[in-house]
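Me: I'm new to this one and would like to learn how to read it. Could you walk me through a few features, starting with how helices pack?

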Amino acid sequence: MMIWLLRGCIVVKSIAEQASSEEVYKRLEKSLSPNWREYVVLVADKLDGEEHPFAVLVAIILSQNTSDKNSIKAYYRLRESIGVSPEAILEAPLEKLVEAIRPAGLPNQKARSLKEAARRIIEAGGEHILLEMPWKELRKFLLSIPGVGEKTADVFLSVKRRAPVFAVDTHAMRIAKRWGLVPPSAGYQEVSEALLRFFGPERSEEAHRLIIALGRRYCRARNPLCNECPLRDICPKIGVRETSQRRKVMQRPSSRD
Ligand code: SF4
């Protein structure tokens with residue numbers, strides 16, 4: 001896989017031309033060491049995933065469009081007041097469910113998604129299907145549930161099934177483009193395939209977590225901390241320099257001021 005991008009007249013190499021995925025992975029692992037308590041999906045998996053694989057899907061739905069901090073709070077409230085099995089969620093009064101998950105935001109929408117997911121999974125035979133259905137078939141099944149999109153399905157498949165998929169959230173989308181693994185216009189599938197190729201299926205789940213940590217700590221959407229980033233000497237920083245340059249020009253006082 002070789003992507004060369006033109007920045008003005010200069011040819012820019014992707015991160016894959018500058019270092020092996022092994023090297024990138026090691027640097028991220030060494031400098032970021034994510035804590036499972038900071039990720040709602042891992043919290044749900046550690047606490048309940050063995051007895052209730054559905055709990056992991058619940059956690060991913062709660063985490064949509066909000067921070068892990070808020071979704072962890074909602075997950076604990078749900079766990080204590082209702083439970084995280086599909087049966088408990090389906091039987092719970094809607095108002096009680098909405099109230100329990102309120103800290104995660106969009107409580108009405110997410111409560112409807114949780115109930116629909118619980119109903120569909122019970123009708124399909126129970127939550128054990130999440131562990132037993134062939135993963136490609138399961139992906140299609142999950143995507144047919146309202147409120148479950150590609151990222152939600154892929155996070156579940158990656159965490160609970162170790163399936164060869166790479167879940168792409170906003171951090172992964174931004175970072176794959178800054179690394180030059182995909183063109184700036186790439187969509188979900190293209191980014192997912194590029195990251196899976198780069199890191200390999202055996203590391204996709206851990207690499208996904210490391211990329212989130214990188215995006216939170218260094219490779220932020222605005223003002224990325226490239227000078228402190230563990231990848232600063234191998235990352236092509238596609239789009240970053242231009243943005244910084246523009247910012248500097250815009251901030252420079254004009255001669256008429
Ligand atoms: S912070 Fe800068 S150097 Fe680090 S990955 Fe992002 S763009 Fe690359």
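Predicted model: local features only at pLDDT ≥ 70, side-chain atom pairs only at ≥ 80, totals over all residues.

Reply: Take helix α3 (residues 40-49) and helix α4 (residues 54-62): their axes come within 8 Å and cross at roughly 160 degrees. Angles over 145 count as roughly antiparallel, so α3 is roughly antiparallel to α4. The crossing of α3 past α4 is right-handed.

Me: Which residues in α3 and α4 meet?

Reply: On the α3 side you'll find V40, V41, V43, A44, D45, D48 and G49, and they meet A55, V56, V58, A59, I60 and L62 in α4. Sorted by class, the residues of this contact are 10 nonpolar, one polar and two charged.

Me: How many of the residues of α4 are buried?

Reply: To judge burial, count the neighbours: a residue is buried if 20 or more other C-beta atoms lie within 10 Å of its own. In α4, nine of its nine residues are buried, so the helix is mostly covered. Here they are: F54, A55, V56, L57, V58, A59, I60, I61 and L62. For the chain, buried residues make up 40% of the 257 residues.

Me: At what angle do α4 and α11 pack?

Reply: About 140 degrees, with the axes 10 Å apart. This is a right-handed crossing too, as α4 passes α11. V56, L57, I60 and I61 in α4 meet T152, V155, F156, V159 and K160 in α11. That contact divides into seven nonpolar residues, one polar and one charged.

Me: Where does α10 come in, and what does it meet in α11?

Reply: Look at helix α10 (residues 135-143) beside helix α11 (residues 150-161): they pack at about 140 degrees, and their axes are 10 Å apart. From α10, the residues W135, L138, R139, L142 and L143 meet A153, F156, L157 and R161 in α11. By class there are seven nonpolar, no polar and two charged residues in this contact.

Me: How many helices and strands does the chain have?

Reply: The count is 15 helices and two strands. To see how the chain folds back on itself, check how far apart contacting residues are in sequence. Among contacts between residues at least 6 apart, 62% join residues at least 24 apart. E193 sits in helix α13 (residues 188-199) and counts as partly exposed, because it has 17 C-beta neighbours inside 10 Å.

Me: Is K237 buried or exposed?

Reply: Buried, because K237 has 21 C-beta neighbours inside 10 Å. R162 has 13 other C-beta atoms within 10 Å, so it counts as partly exposed.

Me: Last one: what surrounds the ligand?

Reply: For a ligand, list the residues around it and then sort them by class. Here 13 residues surround the ligand, and the closest are C219, P224, C226, C229 and C235. The shell has 10 nonpolar, no polar and three charged residues.

Technical notes: Residues numbered from 1 in each chain as written. Near = placed C-beta within 6 Å. Nonpolar A, V, L, I, M, F, W, Y, C, P; charged D, E, K, R; others polar. Axes fitted to C-alpha atoms, helices over the stretch in contact; angles between N-to-C directions. Helix = DSSP H or I, 4+ residues; strand = E, 2+ residues; numbered from the N terminus. Parallel < 35°, antiparallel > 145°, perpendicular 65-115°, else oblique. Left-handed = near helix turned anticlockwise from the far one by under 90°. Contact = placed C-beta atoms within 7 Å. Buried ≥ 20, exposed ≤ 12 C-beta atoms within 10 Å, placed from the backbone.
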